[in-house]
2 protein chains.
Amino acid sequence: MEDKNMLMIPGPTPVPESVLLAMAKHPIGHRSGDFSKVIAELTENLKWLHQTKNDVLMLTASGTGAMEAGIINFLSPGDRVIVGDNGKFGERWAKVAKAFNFNVEIVKAEWGKPLDPEEFRAKLSADKDKTIKAVIITHSETSTGVLNDLETINKYVKEHGEALIIVDAVTSLGAFNIPTDEWGLDVVGSGSQKGYMIPPGLGFVSVSPKAWQAYKTATTPRFYLDLGKYKKATDEDSSPFTPPINLMYGLQVALQMMKREGLESIFSRHQRLTRATREAMKALGLPLFAPDTCASPAITAVAPTVVDAEKIRSLVKKKFDIVLAGGQDHLKGQIFRIGHLGFSGERDILTAVAAIETSLVELGYDGVKSGAGIAAAASVFAGK
Amino acid sequence: MEDKNMLMIPGPTPVPESVLLAMAKHPIGHRSGDFSKVIAELTENLKWLHQTKNDVLMLTASGTGAMEAGIINFLSPGDRVIVGDNGKFGERWAKVAKAFNFNVEIVKAEWGKPLDPEEFRAKLSADKDKTIKAVIITHSETSTGVLNDLETINKYVKEHGEALIIVDAVTSLGAFNIPTDEWGLDVVGSGSQKGYMIPPGLGFVSVSPKAWQAYKTATTPRFYLDLGKYKKATDEDSSPFTPPINLMYGLQVALQMMKREGLESIFSRHQRLTRATREAMKALGLPLFAPDTCASPAITAVAPTVVDAEKIRSLVKKKFDIVLAGGQDHLKGQIFRIGHLGFSGERDILTAVAAIETSLVELGYDGVKSGAGIAAAASVFAGK
């Protein structure tokens, strides 16, 4: 049906109507006192979301732009960096680091498997001369639905003592507990079209005092993505360049909603949606791409063996106007991905599961026991 | 009055209601066929606006981000570049070029005066070894209301034959005739919150085949702002990174409106508004900061001598909720600036002039002949 689109991809995620309407307001001057108040409120609430007293800076950029800023501001050409790569985004940060001529060492894991923290420990504990300047980790790997064990990897980075920990939290922030200050995360990058529940266009970077120390000597050239300029402006409730005013109106409403829900409630909702989705797929006989032990709270990747992944995905789109994500790169056609990030509730999971179930029946898949997916999800939602 | 804000600054500019409402639509997936159609339409209409067959690329970035991309993609550290600087933005491009270690030579003019094309001619014609790789020009200098003579400067760049011409058209595109192909402009940068009539958050860069040649050998490191990635994606009606979907919905409507109005009509409207504003200020005895011969079609800077610029500006804001821009940097308190860019019509000019006139009376300024400003504007609008 026309105009009946329902998004269940890992971004853009669904946007609340109150956010959309806030974005439809006339812009005001970004150098006005009234807009300074908006920036002040946003900054305070972003710190709340990041569980930090560090600076949290807003950039007109996608998540990739925010992550690039989070990498290049604290490093110089030739610096040794360790990049975790077990999916499309880990791969991307390695490309960024190479583009800026850092000395990149990659810790790899197969797509669908988590990074092994012990590989990081080995490299870090062997580095007696403290030549490792940073460890770059994708927390929730959007391409595979794997949540990497940031807490443990970060523990080894802390034991090293010198290296910065730079985290891609693009699809984990606002979905999973990331206590920035408690863990001592130096740089955390994220993007608006994910847990923030607003459309794409804004990127965020949190920066620790230790990272600001590294900033002082980092020689990688930068101007638009120079975070020092953003800090200086943010300290004055301002922005270094014209900010995306209307997206920030939307962010204002979204962060107020998140505060009313509360962090614990947001995280447990994402856990519940993740578990219900996974149990439902298992009940339908559809194998999950990532194991339960490292399940992303943002996205569940499903790797059907008997039925074609793309056939399920396109039927769900055609019949029910539900948009699921396909596989990326070599996983194209191998998996489909169900987003349950941000403005997603139990109703959305039931809807998607019911649609997938019905599509399996229509595709003549023998293995499906009609109703089994919904029964499994219902059981999770009933707390069983 | 609450919620009665009227923007007459050089950006953000007023946004049509139809654009705001388009931005309030639910986002769809940016990798969907439906969104590819949006990108294809936008790209075609952007080329129309730029009067070019060159690539026109969309970035999630402010105008500064777009201009930085337009500079760093085509140059290598040590490259000799000439930067015109007669205001805050010319100054900024020199800073960008220095940040990326280019060999920067500045052609300066006083703020409020235009760049002298002959200074460019002298440098370019003396460069027998063709060491000058690029000339960077701010077309309309937003900080002063000066329109630089891009056509003549560009003629000298063409005579040189090797150097690229890189143009900041942030407040001139969509306000003044910029025939990209006819003039052979290599790189033209712009931003959404100006002539485009949409809120900030999108930057644009047009790139000529000659600039793409330079791209191949340019070694300045880049990833998020790597325009090659944007070209590759745009050629497939896609985007390299998640684009600001809702702003692009707004852009779609705005470009359709612009096409209905037609380029000639848009340019003559801006000329009319500029002349009316200037004649009105003269009639009120308020000196203009830039001479008529180089008046920006986007903004008029007024430099009152007897009355305090900030007093006028704050009274106009307080009594009439009209936002005028102040002076930047050393011009703070010296000038105020009236924006007449984008979604601005004759009614807006009459309103602003009437408000300024009335404020002058209230401030007890003896020189004002009540009604003289409106009379002067009316005369321009009547075609006299």
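Predicted model: local features only at pLDDT ≥ 70, side-chain atom pairs only at ≥ 80, totals over all residues.
One of the residues involved is B:Met6, whose bridge partner in β12(B) is B:Ile322. Strand β12 of chain B spans residues 322–326 and is mostly covered, since four of its five residues are buried. A further strand, β13 of chain B (residues 336–339), is joined to β12(B) by two bridges, and here the two strands run antiparallel. In that pairing B:Ala325 has B:Arg337 of β13(B) as its bridge partner.

The mean pLDDT of chain A is 97, with 100% of the residues of that chain reaching 70 or more, and the model as a whole scores ipTM 0.97 and pTM 0.97.

We can now turn to a sheet in chain A. Seven strands of chain A, in the order β2-β10-β9-β8-β5-β3-β4, form an open sheet in which the pairing is mixed. At its edges stand β2 (55–60) and β4 (103–108) of chain A, each of which pairs on one side only, and from one strand to the next the twist averages 20°. Strand β3 of chain A, made of residues 80–85, pairs with β4(A) in the parallel sense over six bridges, and within this pair A:Gly84 stands opposite A:Val107 of β4(A). Helix α4 of chain A (residues 88–99) packs on the sheet, where it touches β3, β4, β5 and β8 (164–168) of chain A, and its direction makes about 160° with that of β3(A).

Two single residues show how differently a position can be surrounded. B:Gly203 is found in strand β10 of chain B, which covers residues 202–207. Is B:Gly203 buried or exposed? B:Gly203 is buried, because 29 other C-beta atoms lie within 10 Å, and the cut-off for a buried residue is 20 or more. Leaving aside neighbours within four places in sequence, the residues in contact with B:Gly203 include B:Leu59, B:Ala61, B:Ser62, B:Gly189 and B:Gly191. A:Lys130, by contrast, lies in the loop of chain A between α5 (117–126) and β5 (132–138). A:Lys130 has 12 other C-beta atoms within 10 Å and is therefore exposed, as a residue counts as exposed with 12 or fewer. From A:Lys130 to A:Gln334 there are 204 residues in sequence, and the two are 42 Å apart in space, C-alpha to C-alpha.

Finally, consider how the two chains are arranged. Chain A can be laid on chain B by a turn of 180° and a shift of 0.0 Å along the axis, with an RMSD of 0.0 Å, and so the relation is that of a two-fold axis. The same surface serves both copies, as 100% of the contact residues of chain A recur in chain B. To this contact chain A gives 44 residues and chain B gives 44 residues. On the side of chain A that touches chain B, at least two residues are supplied by each of α1 (17–23), α3 (63–72), α4 and α10 (245–261) of chain A, and the largest share, four residues, comes from α3(A). By kind, the residues on this side of chain A divide into 25 nonpolar, 16 polar and three charged.

Key
Residues numbered from 1 in each chain as written. Chains lettered and ligands numbered in written order. Pairing = 2+ DSSP bridges. pLDDT = per-residue confidence, 0-100. Axes fitted to C-alpha atoms, helices over the stretch in contact; angles between N-to-C directions. Contact = placed C-beta atoms within 7 Å. Least-squares fit on C-alpha atoms with pLDDT ≥ 70 in both. Nonpolar A, V, L, I, M, F, W, Y, C, P; charged D, E, K, R; others polar.
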